[in-house]
Amino acid sequence: MTENTSNWRQKILYKPETDDRSRMRAVANNLILHLHPTKVPAPALRWTYTWGLGGLSALTATLLVITGILLMFRYDASIERAYTSIQYMETQVLFGSFVRGLHHWSANLLVITAFLHMIRVFLTGGFKLGRGNNWLVGLFLLALVLAFNFTGYLLPWDQLAFWAITVGTSLLSYVPVVGTAVSNFLLGGPEVGQATLRNFYAIHVAVLPVLLALFMSYHFWKVRKDGGISQPIRDKNERVERLTTIPHLVQIEFAAAAVLITALTLWVIFVPAPLEALADPSHPPNPAKAAWYFMGLQELLLHMHPLAAMALPGIIVAGFILIPWLDKQDDNIGLYFRSRKGKQMALVGAIWALALIPVLVIADELWLDLPAMFPTWPTLISTGLLPLLLTLAALIAIYLIFREFGHANPSEALVGLFIFLIVSFILLTIVGIFFRGANMALVWPV
Amino acid sequence: MTTKNTSQPVTRRDFLKLGIGALSALALLEVGGASLIFLQPRSLEGEFGGMVTAGLVDSFPIGSVVEFTNGRFYLVRSHDGGFLAVYRRCTHLGCTVEWEAQENRFFCPCHASSFDLVGNVENTPAPRALDTFPITIDAGQIIVDTGTIQTRDAFAPDQLVYA
């Protein structure tokens, strides 16, 4: 290497050093690399510990910002022109379909990686030992990702967009007292229309990105502040090998980024982003489905009164928020499933969900008719309060069974309950996506 | 901040601190309020929500259902000749219901709710009967006010308007 190239490299990137000391200094002095510590414990680099999910989510978010900015130059947020501007992009603009496809599929991927990242952090107890704040920020970031997807969903102004947002915002009007006012405020009127498109566009490209940047920065900073990603507590005399960030961590990150970008690019080339017919407020498609990541909720709506179908996830999310206070046993941090017993509870929880959810879905479809069973009760009670209370009672029962008969401690029992909830949610989502046909009837996927 | 004895006189510093704090809070409230007003719902102007002249009473046969796409309602004439303007928005989650003449019902394709001729729930998950708009009949002309959405739990005979 000539003196000249190393000189500009040193100025713009970093000097490619070969000794540990200089490599550590390079990390400390570089703006982006400074997100990392100069050295990391060797076990924290294990691929099977983090699965790289946080980093992949961050990379996907970056791709979304870049493609999103490009799309803003070509998109027109008016109900007369939004759909045509997308059509134009798809057919006339060079790389238009590619940029839009990359944005669409990155957004979908981010829902998956952020969700899996949340599961990973729960399973390794990443909310313990003073990391509770960052767990909360992480949950908020996941909510932001869903808000991004929800607002972005409307923008193409096709049938899918219009009806998914109509159904999604109508849910709000079931919230007592303030629901209708909030819904009217978001929609800019009683129905999805021009004001809604304008509102959602502003929220999607301005409000949410600012929040995302702020909270992502905090999220990363707090991980550093807490001394890097969570690790098991080790004996004082146990020596853990510490490796320099350059090259050990950085090269893993580059490899993961290269694989993700390549895979995503190939996917986008072969599967362009979908675009249905122009939105028609008179004729909903049959079946009218929400976006796939909301299908679990929509499936719940088929079985419960909307208020109950919102209260149940609300209570579960509240439980997730309270996890750092529910599971106060800190000595099992950094261990997947907490312990051997925790792993058993998780397995049992998963099996119960796999057995119970399909049976319940089919039973409700074919035999259960709660309003007919209690004809004198208002539907708010017969299809709302009753199934809600039964579900909550079942969840509490599952926890108590893990505690009493599984001899699990609270930390391990919570792992079992968590896995039960996650698997149930995934199953409901799968039923909603693949097993619901015309009139939302249960069908075998063809 | 340390706890103070309330009998002590307020110092100039404390007074200024309190004043700046209170004024800042007031300013924030004002800015917040102004922003909320700025963002108020605004789609009603000139769009859906005005008076719709549906037509002459005699042009609607007994038991007929006629769709008014721009007014977003179905004009129903019941079997005893009374009129009802049914809002097409499903009371479950806001999808547009369609009139299925063969089945003699309003049907929502989103979650399979159905309603009878006068908007009563035949099939859940819809929680209540379809909403309606007020009807006035002036010199044989039926006029529907689509700006006023009337909610109801179920159909009652006094909701029908007769010529």
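**Notes on the two chains**

1. Let me start with a sheet in chain B, where four strands are arranged in the order E5-E6-E7-E8 as an open, antiparallel sheet. Strand E5 (98-100) and strand E8 (121-123) of chain B are the edge strands, each pairing on one side only. Please keep in mind throughout that this is a predicted model. Inside the sheet, strand E6 (residues 105-107) and strand E7 (residues 114-115) of chain B run antiparallel and are joined by two bridges.

2. The pairing of E1(B) with strand E11 (residues 141-145) of chain B is antiparallel and comprises five bridges. Within that pairing, B:Met51 lies opposite B:Asp145 of E11(B).

3. A hairpin in chain B deserves a look as well. Strand E2 (residues 65-68) and strand E3 (residues 73-77) of chain B run antiparallel, with four bridges joining them. The two strands E2(B) and E3(B) form a hairpin that has four residues between them, and B:Arg72 in the turn shows a positive phi of about 60°.

4. Now for chain B as a whole. How many helices and strands does the secondary structure of chain B come to? There is one helix, together with 11 strands. Read from the N terminus on, the elements follow the order α-β-β-β-β-β-β-β-β-β-β-β. Chain B has a radius of gyration of 27 Å, well over the 15 Å given by the globule rule for 163 residues, so chain B is more spread out than a compact globule. The C-alpha trace of chain B spans about 85 × 35 × 25 Å along its principal axes.

5. For chain B it gives domain 1 (1-40) and domain 2 (51-159). Taken over C-alpha atoms, the centres of domain 1 and domain 2 of chain B are separated by 53 Å.

6. Chain A has a secondary structure of 17 helices and two strands. A compact globule with 446 residues would have a radius of gyration near 22 Å, and the 24 Å of chain A agrees with this. Along its principal axes, the C-alpha trace of chain A spans about 80 × 65 × 45 Å.

7. Chain A is assigned domain 1 (1-35), domain 2 (47-283) and domain 3 (286-446). The centres of domain 1 and domain 2 of chain A, taken over C-alpha atoms, are 32 Å apart. Where these two domains touch, six residues of domain 1 of chain A are in contact with four residues of domain 2 of chain A. On the domain 1 side of this contact, the residues divide into four nonpolar, no polar and two charged.

8. Helix H16 (residues 379-404) and helix H17 (residues 410-434) of chain A pack with their axes 9 Å apart, at an angle of about 140°. The crossing of H16(A) and H17(A) is right-handed. From H16(A), the residues A:Leu395, A:Ile398, A:Tyr399, A:Phe402 and A:Arg403 meet A:Ala413, A:Gly416, A:Leu417 and A:Phe420 of H17(A). Sorted by class, this contact of H16(A) with H17(A) has seven nonpolar residues, one polar and one charged.

9. Last, the contact between the chains. Chain A contributes 28 residues and chain B contributes 17 residues. On the side of chain A that touches chain B, the elements giving two or more residues are helix H8 (159-170), helix H9 (179-187), helix H10 (194-225), helix H12 (295-303) and H16 of chain A. Which element gives the most to that side of chain A? H8(A) does, with four residues. By class, the side of chain A that touches chain B has 14 nonpolar, 14 polar and no charged residues.

Note on methods: Residues are numbered from 1 along each chain as its sequence is written. Chains are lettered from A and ligands numbered from 1 in the order in which they are written. This is a predicted model: local features need pLDDT of at least 70, side-chain atom pairs count only at pLDDT 80 or more; totals for chains, interfaces and linings use all residues. Two strands pair if DSSP finds at least two bridges between them. Axes are lines fitted to C-alpha atoms, for helices over the stretch in contact, and angles run from 0 to 180 degrees between N-to-C directions. A crossing is left-handed if the near helix is turned anticlockwise from the far one by less than a right angle, and right-handed if clockwise. Two residues are in contact if their C-beta atoms, placed from the backbone, lie within 7 Å. Ala, Val, Leu, Ile, Met, Phe, Trp, Tyr, Cys and Pro count as nonpolar, Asp, Glu, Lys and Arg as charged, and the others, Gly among them, as polar. Domain bounds come from an automatic or database domain assignment. The radius of gyration is taken over C-alpha atoms; the globule rule is 2.2 Å times the number of residues to the power 0.38.
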